[in-house]
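Here is a short report on one protein model. Look at the structure first, then read on.

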Amino acid sequence: MWDKIRLTGKEATPEGAWCRVGQAWLVPEIHSTANRVLANLSAMKVLFLNGPNLNLLGTREPEIYGRLTLADIEAEVRVRAGQLQVELDFRQSNQEGELVSWIQEAKGKYQVIVLNAAAYTHTSVALRDAISATGVPTIEIHLSNVHAREEFRHKSLIAPVCRGQICGFGVKSYILGLEAAVYVKEAAK
Ligand code: DQA
């Protein structure tokens with residue numbers, strides 16, 4: 001996605017004048033444009049939040065959640081984040097209030113939150129209110145397909161205030177969540 005940024009209109013120059021700066025192809029003499037582009041590239045910060053019991057991944061109901069630990073998942077997300085030039089923070093808490101505080105603090109620091117709220121997905125008005133109060137675009141993710149499981153998991157209290165929901169793809173739900181975060185930021189430009 002970042003491979004080639006072509007300048008057009010009055011800033012257009014012949015192909016030969018392009019040079020590579022970081023991940024972008026830019027025309028050297030147009031420094032202000034280059035700086036703006038690079039500032040945008042380096043600005044993308046995504047906060048991954050994980051709710052209760054996700055610290056037990058690896059041994060917790062592996063037939064549902066797989067055998068990867070949360071650290072394994074984080075490592076996979078970091079590989080993709082590196083490819084996409086995204087900075088990541090990756091956290092887990094069993095405390096609802098701590099998750100609420102992290103969502104509140106995200107405003108102004110992160111462009112997008114990717115949230116696996118785990119069981120709080122189905123119960124927490126506080127998380128829902130934090131997401132809508134702070135206004136940081138949030139993507140809901142789950143390892144399992146919550147809609148194919150017990151009925152109480154079909155309802156997400158946070159879904160109406162999230163930009164979208166990704167569930168059922170195991171660790172790939174996290175990767176897709178990261179890619180959706182980049183898409184959401186790009187779409188906001
Ligand atoms: C989960 C699904 C939730 O229903 C459950 O409470 C979890 C994990 C998932 O990632 O599949 O703890 O969010």
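## A covered strand

β5 is mostly covered, with five of its five residues buried. Buried means that 20 or more other C-beta atoms, placed from the backbone, lie within 10 Å of the residue's own. Strands are DSSP runs of E, at least two residues long, and helices are runs of H or I, at least four long; both are numbered from the N terminus. This is a predicted model: local features need pLDDT of at least 70, side-chain atom pairs count only at pLDDT 80 or more, and totals for chains, interfaces and linings use all residues. Residues are numbered from 1 along each chain as its sequence is written.

Both faces of β5 are covered. V112, V114 and N116 are buried on one side, I113 and L115 on the other.

Strands pair if DSSP finds at least two bridges between them.

| Pair | Sense | Bridges | Opposite residues |
|---|---|---|---|
| β3 and β5 | parallel | five bridges | L47 and I113 |
| β5 and β6 | parallel | three bridges | V114 and I139 |

Next comes the core. A nonpolar core is a set of buried Ala, Val, Leu, Ile, Met, Phe, Trp, Tyr and Cys residues joined through C-beta atoms within 7 Å. The largest one has 38 residues. Those with the most contacts inside it include I113, V114 and I139. β3, β5 and β6 are among the elements that each supply at least two residues of this core. α6 gives the most, with five residues.

How confident is the predictor? The protein chain averages a pLDDT (confidence in each residue, from 0 to 100) of 85. Over residues 1–20, pLDDT stays under 50. It also stays under 50 over residues 25–36.

Notes. Buried ≥ 20, exposed ≤ 12 C-beta atoms within 10 Å, placed from the backbone. pLDDT = per-residue confidence, 0-100. Contact = placed C-beta atoms within 7 Å.
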